[in-house]
Amino acid sequence: MDNVKPRVKVPSKASAGESVTIKTLISHPMESGQRKDKDGNVIPEHIIDRFTATFNGETIIDVAMEPAISTNPYFEFQAKVPESGTFTFTWHDQDGDVYEETGEITVG
Amino acid sequence: LALLPFPVSAAVEDAVTEFTGGTEPGEGGVELNAPEIAENGNTVPVEVSAPGASAILLLAAGNPEPVVATFNFGPMAGSQTASTRIRLAKTQDVIAIAKLEDGSFARTTKNVKVTIGGCGG
């Protein structure tokens, strides 16, 4: 799907072993499959059905999503940061597309 | 949103049983934060939390499809807490069930009054 824009808020620095708060948002209609168009036809379901966040390849959170997640899905959660590294965030669209965003953090 | 023909409570219990494998969830060990009154059912902020849990199932008992999301926590989770925004079709119970560290399950429910239903209609 075109025009899908992920946004993440990740701190750039942390102390070793600290937990940091991460906020993610992605622009997506999350069409629920419950709506009808003006002619009374059901608008087909089209959602992101999975979101994952990893740090240096290890899972932070893995969310199975249903149509009851609001338009422009938002998630806030916490991650451990034992060392400097890379956060990777992926959103899996039902249409097969995968949207990815990364963030770097330095532990000092 | 039109009322659907199937009994919603059965759909809820089916989803719970699928998650718990039939184990009866206990009280305590899982928290659910949601507003008492949501003016706009299209985007209702909720937070689930269950220290040590491996997974939390979030359900909206009065929605046409009650399962909202399943949060699975990995080794890099800083806490077993997550916030998101959900759709609620009408005033209803929101339910969180956590799979705790010892393999048992905990359940909590919060009633949310919805002023304008959020079924995307």
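**Salt bridges in the predicted model**

The side chains of R50(A) and D62(A) meet in a salt bridge, with an N to O distance of 2.7 Å; a salt bridge is defined as a side-chain nitrogen of Lys or Arg within 4 Å of a carboxyl oxygen of Asp or Glu. R50(A) lies in strand β4 (residues 48-55) of chain A and D62(A) in strand β5 (residues 58-65) of chain A, so the pair ties together parts that are twelve residues apart in sequence. Strands (E, at least two residues) and helices (H or I, at least four) are DSSP runs, numbered from the N terminus. The structure is a predicted model, in which local features need pLDDT of at least 70 and side-chain atom pairs count only at pLDDT 80 or more, whereas totals for chains, interfaces and linings use all residues. Residues are numbered from 1 along each chain as its sequence is written, chains are lettered from A in the order in which they are written, and side-chain values use heavy atoms, with hydrogens and water left out.

R50(A) is partly exposed at 35% relative accessibility, while D62(A) is buried at 19%. Here buried means under 20% relative accessible area, exposed over 50%, and partly exposed in between (1.4 Å probe, protein chains only).

Over all chains, the count of salt bridges is three. In chain A, R35(A) also pairs with E31(A), at 2.8 Å from N to O. R35(A) is partly exposed, at 31%, and E31(A) is buried, at 12%.

In chain B, E13(B) forms a salt bridge with R107(B), the closest N and O atoms being 3.6 Å apart. E13(B) belongs to helix α1 (residues 8-20) and R107(B) to strand β8 (residues 105-116), so this pair ties together parts that are 94 residues apart in sequence. E13(B) is partly exposed, at 39%, as is R107(B), at 23%.
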